[in-house]
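Subject: Structure for you to look at

Hello,

Here is the structure I said I would pass on. Please open it next to this message and follow along.

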Amino acid sequence: MKDTETTPEHIPFNKPVLSGRETDNILSAIKNGQLAGDGVFTRSCESKLRGLIGCGDALLTHSCTAALEMSALLLGLGPGDEVIMPSFTFVSTANAVVLRGATPVFVDIRPDTLNIDESLVEQAITEKTRAIMVVHYAGVVCEMREILRIAERHGLEVIEDAAQALTSTYEGRPAGSFGALSCFSFHETKNIMSGEGGCLGVNDEKFLQQAEIIREKGTNRKNFFRGLVDKYTWMDVGSSYIPGELIAAFLGAQLDEIGAIQSERLEAWQRYASAAESLADRFGLELPKIPENVQHNAHLYYVLAPSAETRDSLIQEMRKRNVTTPFHYVPLHLSPAGQRYCRSGGQLAVTEDRSARLLRLPMYPGVKDVQDEILSHFEASLEALNV
Ligand SMILES: *Cc1c(COP(=O)(O)O)cnc(C)c1O
């Protein structure tokens, strides 16, 4: 028998949640008999995503990483080219550029949203700069009005790494509808997931046909099935970026539940925010700030501890209490590959400071059942540290 007094349930950081219709969808995909990609489930996911993202077109991919790689191919990036991005991001944002032989140039983040600081972008632009890759951290959309203005002034493309930002909006417009291309993730840790999965949003029509070719191993197979060409052939460089129908069947079931999933997450986020408010002054915590013109999607809830040491001890204290509260990105400019392949386009002091003080609280639909417990462990941990 389990003794919950002495061995409390471990509370994970993330728990993948099912809508309940995943299995039915997968069985019906199997019955349909088309298991390769671009079948009925893929088409229906893409149409739902077009609606959610408000993008010109949406193409399912294996991952956000794949969508980012496609973006780098579509831009025709090569050696000598530079792409501006934050150092405070996941490795895939930079890898996509480095794989083309081009150079990521890091710009610091804003102290409030931890998104790329738009006021520092312009001074990092050189004659080699080709694009700005923005990352909507925690599902909070970057200051897109200013970023689009800078891009237009300098003739640069804007790519959105919107991996965390499905359904977030900026001035009423959805994340993923701003850049020429936008990249989403359906990894298990994201709000809507298919284990691994992703999507490329195409807003600039000039990229659409090429995107279809790159995604289909460099062939015009998609136009062949549309009856536009009588045989398909190798047209350009490309790769295999099309997920199979089983993934799309699973994803479709998740997308059908997006309303319920989002409202549970937003409720949990709000509950964290009000509880943290009363702890902030007492323990010197800084809390996430959401700009007035942004509606976020409750992808994650983080707090900033007063110092790096406190943050590390806090994670330990929470672990002792069986709750996983991980830190997040190690700034890319401090990593071995970052030092080899990238360069900094200015000071990265805010990136270094914030990344060292940040920790994330468990976030998933259903976390509400243990949220009181998490919050009381959190308060006890802060007290134990006597910060
Ligand atoms: C999750 C994530 C990715 C990678 O997504 P995959 O689908 O796992 O490739 C890229 N960028 C950001 C900002 C992410 O959060």
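Below is what was found in it, going from the whole chain down to single residues.

This is a predicted model, in which local features need pLDDT of at least 70 and side-chain atom pairs count only at pLDDT 80 or more, while totals for chains, interfaces and linings use all residues. Residues are numbered from 1 along each chain as its sequence is written, and side-chain values use heavy atoms, with hydrogens and water left out.

The whole protein

The protein has 13 helices and 13 strands. Helices (H or I, at least four residues) and strands (E, at least two) are DSSP runs, numbered from the N terminus. The C-alpha trace spans about 70 × 55 × 35 Å along its principal axes.

Of the 387 residues, 55% count as buried. Buried means under 20% relative accessible area, exposed means over 50%, and partly exposed is in between (1.4 Å probe, protein chains only). The protein exposes about 16,600 Å², and carbon and sulfur atoms supply 51% of that area. Accessible areas come from the Shrake-Rupley method with a 1.4 Å probe; for residues, only the protein chains shown count as cover.

Among contacts with a separation of 6 or more, 70% are between residues 24 or more positions apart. Contact means heavy atoms within 4.5 Å.

There are 37 positive and 51 negative charges, and their mean positions are 4 Å apart. Lys and Arg count as positive and Asp and Glu as negative, whereas His and the chain ends are not counted. The place of a charge is NZ of Lys, CZ of Arg, CG of Asp or CD of Glu.

The two domains

The protein is divided into domain 1 (22-256) and domain 2 (258-385). These bounds come from an automatic or database domain assignment. Taken over C-alpha atoms, the centres of domain 1 and domain 2 are separated by 26 Å. The contact takes 44 residues from domain 1 and 35 residues from domain 2.

Helix α12 covers residues 349-357, and Thr351, Arg354, Ser355 and Arg357 are buried in it. What do the buried residues of α12 pack against? They pack against β11 (301-304), α10 (308-320) and β13 (358-361).

Helix α13 (residues 371-385) contains Leu382. Leu382 has a relative accessible area of 0%, so it is buried. Leu382 and Leu285 are 97 residues apart in sequence, and their C-alpha atoms are 10.0 Å apart.

Ile374 is also placed in helix α13. Is Ile374 buried or exposed? Its relative accessible area is 0%, and therefore Ile374 is buried. Leaving out residues up to four places away in sequence, Ile374 touches Ile11, Tyr272, Met318, Val323, Pro362 and Val367. From Ile374 to Asp57 there are 317 residues in sequence and 41 Å in space, C-alpha to C-alpha.

Residues outside the helices

Leu18 sits in the segment before α1 (22-32). Leu18 counts as exposed because its relative accessibility is 56%. Not counting residues up to four places away in sequence, Leu18 touches Met193, Phe250 and Gln254. Leu18 and Phe250 are 232 residues apart along the chain, with 9.3 Å between their C-alpha atoms.

Gln347 is in the loop between β12 (343-344) and α12. With a relative accessible area of 67%, Gln347 is exposed. Gln347 lies 254 residues from Thr93 in sequence and 20 Å from Thr93 in space, C-alpha to C-alpha.

Where is Lys217 found? Lys217 is in the loop between α6 (208-215) and α7 (221-225), and at 46% relative accessibility Lys217 counts as partly exposed. Asn322 lies in the loop between α10 and α11 (336-341). Asn322 has 24% relative accessibility, so Asn322 counts as partly exposed.

Regards
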